[in-house]
Every structure is written in C-alpha cells, then in structure tokens.
Amino acid sequence: MSTVTEFVDVNVPVRTAYNQWTQFEEFPRFMEGVSEIRQLDDTHTHWKTEIAGVKREFDAEITEQLPDERVAWHATGGEKQAGVVTFHRIDDTHTRVTVQMDFDPQGIVETAGDKLGIIDRKVKGDMHRFKEFIESRGGIETGAWRGQVDRPGA
C-alpha cells in the first residue's frame, strides 16, 4: 500500500469548504482524471476515472462523515483505496483541507507512477484546483450535505 497526504489552505470558512467537498458529483470540475461521480445514496458513490490511460470504474462507501470536520471513505469491490479528508479552521475565513489517501497501485503503469511521485503531484494539483474552484465562486458552495455518518463500531 502507498499513502499520499496533501493539504491546501483555502480562503473560505470551514463550513463552506466542507459543504463543497460533500458535493461529490462536482469533483470532475477540479479532480484531474475523474470523468464522473454519481451519488447513489447518502453513503455510496460510483466513480469513473482515467489516469495515465488506465480507465477504471468503482464504487466507494463513505464510512464516516462529521460536518465541518471529516469525510472518510473506502472503495468497495476490487479497488484497494481508502482515505480521509479533514477540515481545520484557521480563522473565520480560512480553512486547511487535508487529504490522506491509501491505495494499492495496480499494474506496471500505476506502480511506476507511484514510485516516480506522479500520484503525489496529481493529488497536490487536485487540491490546488479545489482551492481555485471554491475561491473563484466567491466562497459560495454549489450545495451541501450536512448529515452525519458514524464510524462503524462507534
């Protein structure tokens, strides 16, 4: 397994950053290689990606969601991927958004990309594009889901 951790400071309140992140179907607007995400229900999404010519479709389950604090997920089925995004209030108008993602590269292309740091740079670019996306909207999110998903066993 490999791990990527990246963060970005955004010039919006924590509530705004969190609300935008809950709009999974908007991810293709700032995540390179993500062509489509469909929200199936409150805790399940279906992803279509193409990264370095490798096309994938997979489902993911949200395993924990605490408004203005964190969203955790893991892929279901064959993909081996899990992660968490956390939201840290810097002050009333600034938020640090941190993503930690664990994944198991599949095949030669993904393994090479991981070893060359391509995945790290891709996630860093995605975080920078998230910052540009939410700030360019004047700090107004495209929607929000304020429900809570309790961690299994909690």
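**Contacts, strand pairing and salt bridges in the predicted model**

Thr 86 touches Glu 69, Arg 70, Arg 96, Val 97 and Thr 98, when residues up to four places away in sequence are not counted; contact here means heavy atoms within 4.5 Å. The structure is a predicted model, in which local features need pLDDT of at least 70 and side-chain atom pairs count only at pLDDT 80 or more, while totals for chains, interfaces and linings use all residues. Residues are numbered from 1 along each chain as its sequence is written, and side-chain values use heavy atoms, with hydrogens and water left out.

Thr 86 is found in strand β6 (residues 81-91). Strands (E, at least two residues) and helices (H or I, at least four) are DSSP runs, numbered from the N terminus. The relative accessible area of Thr 86 is 14%, and the residue is therefore buried; buried means under 20% relative accessible area, exposed over 50%, and partly exposed in between, with a 1.4 Å probe and protein chains only. The side chain of Thr 86 is joined to that of His 88 by a polar contact of 3.0 Å. A polar contact is a pair of N or O atoms within 3.5 Å; within protein, one atom must be able to donate a hydrogen and the other to accept it, and residues adjacent in sequence count only if both atoms are side-chain atoms.

Strand β6 runs antiparallel to β7, and 10 bridges join the two. Two strands pair if DSSP finds at least two bridges between them. With two residues between them, β6 and β7 form a hairpin, and Phe 87 stands opposite Val 97 in β7. Strand β7 (residues 94-103) is also joined to strand β1 (residues 2-10), by nine bridges and in antiparallel orientation. In this pairing, Val 4 has Met 101 of β7 as its bridge partner.

The structure holds 11 salt bridges, a salt bridge being a side-chain nitrogen of Lys or Arg within 4 Å of a carboxyl oxygen of Asp or Glu. One of them is formed by Asp 9 with Arg 96, with the closest N and O atoms 2.7 Å apart. This pair links distant parts of the chain, since Asp 9 lies in strand β1 and Arg 96 in strand β7, 87 residues apart. Asp 9 counts as partly exposed at 30% relative accessibility, and Arg 96 is partly exposed with a relative accessible area of 31%.

Another salt bridge is formed by Arg 146 with Asp 68, where the closest N and O atoms are 2.7 Å apart. Arg 146 lies in the segment after α3 (118-136) and Asp 68 in the loop between β4 and β5, so the pair ties together parts that are 78 residues apart in sequence. Arg 146 counts as partly exposed because its relative accessibility is 29%, and Asp 68 counts as partly exposed at 21%. Asp 68 is not a glycine, yet has a positive phi of about 65 degrees.

Within helix α3, Asp 126 and Arg 129 lie three residues apart, about one turn of the helix. Their side chains meet in a salt bridge of 2.5 Å, N to O. Asp 126 is buried, with a relative accessible area of 6%, whereas Arg 129 counts as partly exposed at 27% relative accessibility. Elsewhere, a network of salt bridges links Glu 36, Arg 38 and Lys 48.

Thr 76 lies in strand β5 and is partly exposed, with a relative accessible area of 27%. Neighbours within four places in sequence left aside, Thr 76 is in contact with Asp 59, Ala 60 and Glu 61. The C-alpha atoms of Thr 76 and Glu 61 are separated by 6.7 Å, the two residues being 15 residues apart along the chain.

Aromatic pairs were assigned to rings of Phe, Tyr and Trp (its six-membered ring) with centres within 6.5 Å; planes under 30 degrees apart count as stacked, over 60 as edge-to-face and the rest as tilted. The count by this rule comes to 10 aromatic pairs. The rings of Trp 47 and Phe 58 have centres 5.7 Å apart and planes at 10 degrees, so this pair is stacked. The pair links distant parts of the chain, with Trp 47 in strand β3 (residues 44-51) and Phe 58 in strand β4 (residues 54-66), 11 residues apart. Both Trp 47 and Phe 58 are buried.
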